[in-house]
Amino acid sequence: MSKKNPEYDFKWCPGCGDFGVRRAIEFAMIGRLEETGQPMANNVVVAGIGCSGNLVHLLEGEQPYGIHGIHGRSLPIALGVKMAKPTLNVVVVAGDGDFLSIGGEHIGPQAARNLNICAVIMDNGVYGLTKGQSSPTTLQGKITSSTPFGKLETKTNPLELYLTLGVSFIASGFSGQPRPLSKLIQQGMDHPGFSIVHVQSPCTTYNDTFIELKGDLANGIQPALWDIPEEHDPSDRTAAHDLLQQGGVPVGVLYNDSSRVSLDEAVVGTWDKAQPKTVEQLLGAFEF
Amino acid sequence: MQMRDFVVRFAGEGGQGVVTSAEGLAQSSTQVGYHALTFATFPSQILGGPTWTQARISVDPVLSAGDDVNVLVAFNREAYDAHQQDVLKDGVVIFNSTEFEIEGDDRSFGLPFEELAKSTGNNRAANMVIMGSLAHLINMPQEHLISFVQERFNRGRTEDAEIIKSNIEALSLGRSHIAESGFSLGELAPPEKPKEQQVMIKGNEAVSVGAMAAGLDFYAGYPISPATPILLYMERNLVGKDRLAYQVSSEIEAITAIIGAGYAGKRAMTATSGPGVSLMSEGLGLAWIAEIPLVVVNVQRGGPATGLPTKTEQSDLFGCMFPAHGDVKIPIIAAGTVEECFYGAVKAIEWAEKYQGPVILLSEMALAERVQNITKPDLSKIQEAKRVEYTGSNGYLRYAGDELSPMPIPGNPGAYVANGSEHDHMGDTTHLGEHHVHMTERRFRKVKLLESDDYESDQTDNSIAILPWGGSKGPAQEAYNDLKKAGLPVSWYYTMFLNPLPPKMLEELKKKDLVIVPELNYQGQFSNILRSMGVKAESITQYTGLPFKARTLVAKITEMTNANLKEATRA
């Protein structure tokens, strides 16, 4: 949208990882349209607050619906959209600060509900929009604008957290690979339950980790990214847990349990028991 | 002379049947054609703790819980000590003589109700023993009570006959026991059965059914006293295709979930109390700026933070009208009676859809837990609320125009971003001053669509007016009726629409020398707001956790009126 609107005043920094994630989401939505035949208007992008959330305004091509709400609350907004109209494809876009810090309390409940939405998290290990404060995924000891003597806390491991909370589909990706990333996102959208695609999306201004992630063999830097091997069985929870103990950043589908019932399906299962009454009947029950 | 009404207070320990006794009395009285209203207050704990409920039974429609107590039923010593001073000199105290003794109070009558119940073979009939003795005190015919018992316990089970028999026996025992003592209050005038079909309903239930009558589709909530019964009612009844009631994990989830649902085209609502509203602040601001219809019901309790969870107060008006940062003023409807809990909810859903934004319906603990007979609402006169939906093609400018614009619904053409950042016509974020000016004015202009001339007034020629709001309406009306009879020159105004106020009423109020606002808070919140609008308003405040007594208001209003008139003559 923004390109046609000169008054729009948000821009990502050159080289920002979020450009790649935006491409990947566009690919995934188009891929899904081709797959399901549903119109673009059937997609709703619920955005968090931060650089990543602005993705909702920067999508190119035919536009989906979107909500750009308040900090940390993209998940419960998505809960309302999805449960109001379960036929919609609801996608959350948020960053590590929005999703894991202020919004962290909402991950567990959606996992328990198995809310059928896909959250794409852009992790740059820093609060970028507020200019470089430490976030849950900033390394311990790192000096940032809000940790002048080094970060005191340990770094959160989001994938381990999601696994522990019972998220039923967990994938890990990299913004520098939009095509493979789009496949992970599309798998997440197709997954009949709560899916999180956690993406390393570096901030070129405050926490540029491109080289650490991709490695620089000429200078003896081993890449932190490594592909999850094909023989990994994503339905095996213990295997997923073990995989995370190997360190670095695994790329691919870590965990996938599609046997669980999603919240919207579970609700349909209650209709028989409920025997809904008309308002006339409900009011009549108070007569005497 | 025959009595036209009387008040019975039941006091004891939670779990002793205090509430069921009062509600049973109210129920049986309405069944024979009286009007009844209960008032309850509980401790905030699961079991035990001092609790009391009172029922006012009247030949005429009941406006308040009543100033004085004619009969106190004390289940234990503490209850007697705490409440005996509220009992009239010629009243009666029925106490549980199995538990304790009272000496030196000639109003007291010991009734071993638990033992008497046991003697009928039904340990659970103690309530009926009490009711039998109450019936004697007011000379209520036994057949009224018998028909109540028959209706209540006729549940199609084999043991029904046995239960009915033991309960009737308990009624008779209570009656004969007190008859021997010679205690009597006189005779309650015979009932004048209301012409219209009545329903016996609590404020929280009335809110729930009202919202559903207006077409509520989606409810998300989190348990909190005293709003929980709305959540429970919805979870049982707002079920089926295209409807949902769901318990979420916090009030933050509740407000944001209904934002999502309202955006997706549903008539959405949550109910909470003060602490929940505090957590919903930011969400209310989002619904306001992004123009998303939704309703928040605030069943007010007392105090800040956890405050007084089970007491009543009207101290959230500021917090609800101005709940969020930035320029925000939320439309407010405040229910003053159980009936208005129903119609207020209907209106709140209608308003939200009409102006495409958040609406707060204020209720109060004293209304929420009050059971009262009201005329059964005529559902054929209530329309499902509808918003103006966008039906065009893509490329729509959602936020174009000076006030309301049709709202696209996800799934249909017209995709846009509902934006919580300041935005331009298409919903794109912008920081340009001209857009902020335009959008701010657009949002306030939309509220004007809700203005109506819906208010009550009486004796409007007087220069001094009474203007209660919310649940203080009942006691204020009772006071006003007395003052009118006594010839005090005051006028009466009332509306449940606090924002926007009915413009005609506001114009009239601005011409008054004094507008007296009875309200249950320390700061005089409504009179503050009225003064900012150019009304010479002054509050009568009370913050005890209990509703006003009509008598208190009669005295204060008389005093304020006379002082003002004196001042006027001197000038």
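Two strands are said to pair if DSSP finds at least two bridges between them, while helices (H or I, at least four residues) and strands (E, at least two) are themselves DSSP runs, numbered from the N terminus. This is a predicted model, in which local features need pLDDT of at least 70 and side-chain atom pairs count only at pLDDT 80 or more, whereas totals for chains, interfaces and linings use all residues. Residues are numbered from 1 along each chain as its sequence is written, and chains are lettered from A and ligands numbered from 1 in the order in which they are written.

Strand β1 (residues 43-47) of chain A pairs with β3(A) in the parallel sense over 5 bridges, and A:Val44 stands opposite A:Val90 in β3(A). β3(A) is also joined by 5 bridges to the parallel strand β4 (residues 118-123) of chain A, where A:Val120 is the bridge partner of A:Val93. Of the 7 residues of β3(A) (89-95), 7 are buried, a residue being buried if 20 or more other C-beta atoms, placed from the backbone, lie within 10 Å of its own.

Between the chains, 48 residues of chain A are in contact with 56 residues of chain B, contact meaning that the C-beta atoms of two residues, placed from the backbone, lie within 7 Å. On the side of chain A that touches chain B, α3(A) gives the most, with 8 residues. Strand pairing also crosses between the chains, as β2(A) and strand β15 (residues 417-419) of chain B pair in the parallel sense over 3 bridges, with B:Ala418 in β15(B) as the bridge partner of A:Ile67.

Key. A residue is buried if 20 or more other C-beta atoms lie within 10 Å of its own, exposed if 12 or fewer, and partly exposed in between; C-beta atoms are placed from the backbone.
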